[in-house]
Amino acid sequence: MKRNILLIFMLVVCHCVFGYDGNRKPQYELGKNEVSVSYGLLPIFDLVDGIDHHIHIQDSDRELSSVMKTHTGAINVEYTYGLAPRFRLGLMASYMGYRHDVDYEHDYIGELKSTYIGLLPMVQLYWFSHDHVAMYSKFAVGAALNMRDMNSINEDLYASFDDTNAQFEMQISPICFEAGGRIRGFAELGFGNYLFSAGMKYYW
């Protein structure tokens, strides 16, 4: 019985989300160009830090433990261009900053500052759109520069360093809503640079 109810619920949701036509030209009415600014909570780096409190540094045979002191969250700026009635292509620029206190075998070593600056090509797929509200999904994959600066107060135990490396970065947001006119507020749920984000966008 529970399986039948769950199946019926999933069919209804799929019909509402994928079967509803709405207005097929959200970007043509609002303008092909879109720029947005948003703030995201719970980046993947925060979640990993909550699971694994060790940081691994190249050329080190020691495992250092760290405690995150401050972080900025994910600050994002995006631009998209409408290529088709339900399809937009664009680019996401993201920034995240962290400060950690670092220990080795319960001895305080110093502070580690980490900065992530990413560029991610992205696509947006609109499921439906009215004059003042729309639902869409967003997928972005790219790379980020991770710039780290370690200030050690015990150079004999562990030396200070300053390095930069590139790493994979992504954002998958299957559930996104926006509301307004040419200027719209929006909220997104996903995984990657953030679990939840909110911001403002402008079409022209």
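Serine 114 is buried, because its relative accessible area is 7% and buried means under 20% relative accessible area, with exposed over 50% and partly exposed in between, for a 1.4 Å probe and protein chains only. The residue belongs to strand β6, residues 107-129, where strands are DSSP runs of E with at least two residues, numbered from the N terminus. Leaving aside neighbours within four places in sequence, serine 114 is in contact with Met96, Gly97, Tyr98, Asn146, Met147 and Arg148, contact meaning heavy atoms within 4.5 Å.

This is a predicted model, in which local features need pLDDT of at least 70 and side-chain atom pairs count only at pLDDT 80 or more, while totals for chains, interfaces and linings use all residues. Residues are numbered from 1 along each chain as its sequence is written, and side-chain values use heavy atoms, with hydrogens and water left out.

Lysine 201, in strand β10 (residues 196-203), counts as buried at 3% relative accessibility. Its side chain makes a polar contact of 3.2 Å with the side chain of glutamate 34, and another of 3.2 Å with that of tyrosine 136; a polar contact is a pair of N or O atoms within 3.5 Å, and within protein one must be able to donate a hydrogen and the other to accept it, while residues adjacent in sequence count only if both atoms are side-chain atoms. The charged end of lysine 201 also sits over the ring of phenylalanine 186, 4.8 Å from its centre, which requires NZ of Lys or CZ of Arg within 6 Å of the ring centre and within 35 degrees of the ring normal.

Strand β1 (residues 33-41) pairs with strand β4 (residues 74-84) in the antiparallel sense over eight bridges, and β1 and β10 likewise pair in the antiparallel sense over eight bridges; two strands pair if DSSP finds at least two bridges between them.

The structure holds four aromatic pairs, and two of them are tabulated here. Rings of Phe, Tyr and Trp (its six-membered ring) pair if their centres lie within 6.5 Å, and planes under 30 degrees apart count as stacked, over 60 as edge-to-face and the rest as tilted.

| Pair | Centre to centre | Angle between planes | Type |
|---|---|---|---|
| Tyrosine 79 and tryptophan 204 | 6.4 Å | 45 degrees | tilted |
| Tyrosine 126 and tyrosine 136 | 5.4 Å | 35 degrees | tilted |

Tyrosine 79 lies in strand β4 and tryptophan 204 in the segment after β10, so their pair ties together parts that are 125 residues apart in sequence. Tyrosine 126 and tyrosine 136 are both buried.

Note on methods: Helix = DSSP H or I, 4+ residues; strand = E, 2+ residues; numbered from the N terminus.
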